[in-house]
Amino acid sequence: MSRSRSGDFVDARNLAGEDFVSKTLEETIGTLGVVTRPKVVDFSARLKERRKANARVVAMRACVSAAVIVVAGALVWLFFFSSVFRLESGNISVVGANEWVSESQVLDIAGQQAGKSILLVSNNDVEKKIKEIPGVTSAQSKKKLPDSLEVTIKAQKPAAMLKTGEDSMTAVDSKGRILNSVSGASVEGIPVIEVKDVETSLSNRSIKEALKILSSLPESMRNSITKVTAETQDSITTEINGGDRVIVWGDSSGLKLKKAVVDKIINDPNVIGDKHNVDVSAPLRPIIK
């Protein structure tokens, strides 16, 4: 058969027929010579598989969430409701109490927190209430895990004793609050102010001024005071060693300067000489008699 030229008429009967069956078999024979069927995607099966996979993910997430909730619940119970962290009255300790501010007074307040988880105890609330006890100048509440509380206070001695009779004296602090004396407390070294009535005197301005002055004096001077007079709020006077020195303070203003002037005068023989009376009600112009 001669090759036809371009443009010539071609007889279809003379064309070589293409064996499509053989070609298909060749394309579908695998590497091992096994005839394979073209892959057919079953979308229904795929959808079922995807649904099963999603269900497994959901179930796994639900299990994890449930486990987290159980663990969280167990921790909440352990920390806030179990006896492990529960504060008991016997586990509350007090440091710093003295003969005027008793340990029992502090325990009565701190003990109100007993029965709670130590994690729920408010240090601020405990400290605030304890500071309201007459004579307490500072308070610190400290938690000690797992179930203890330590309260440290600073308790002052009375600013003065208010004397209304031969054997009747009442201890008061610098704010004019009555202290609850522990049995057998010593009053030695505490200034005494004679008054007619305790309650009435504590509302008197002159007594309030006297208490401010007395509470600010150094312990050495307080121990030497044998008499205090407070006739008016501007004439507070203290006698030292039975009248060996008489200090007229006036009121409680300018106390820092007044104390410095008094200290300079009474401790310098060249200044005090044979005089006994020092008036610092006007500290910049002290009067020595």
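Before selecting anything, note the residue classes used on this tour: Ala, Val, Leu, Ile, Met, Phe, Trp, Tyr, Cys and Pro count as nonpolar, Asp, Glu, Lys and Arg as charged, and the others, Gly among them, as polar. The model is predicted, with local features needing pLDDT of at least 70 and side-chain atom pairs counting only at pLDDT 80 or more, while totals for chains, interfaces and linings use all residues. Residues are numbered from 1 along each chain as its sequence is written, and side-chain values use heavy atoms, with hydrogens and water left out.

A pocket here is an open set of points on a 1 Å grid over the protein atoms alone, where a 1.4 Å probe fits, with protein on both sides within 12 Å along at least five of seven lines, and lining residues have an atom within 4 Å of a point.

Next, colour α7 (219-222), β9 (245-250) and α8 (255-266), each of which supplies at least two lining residues; helices (H or I, at least four residues) and strands (E, at least two) are DSSP runs, numbered from the N terminus.

Then move to the second largest pocket, which holds about 190 Å³ of space, and select its lining, including Ile190, Glu194 and Lys227. Here β6 (192-194) and β7 (225-229) give two or more residues each, with β7 providing the largest share, five residues. By class, this lining divides into six nonpolar, two polar and two charged residues.

How values were computed. Points joined across faces, edges and corners; volume = space filled by probe spheres on them.
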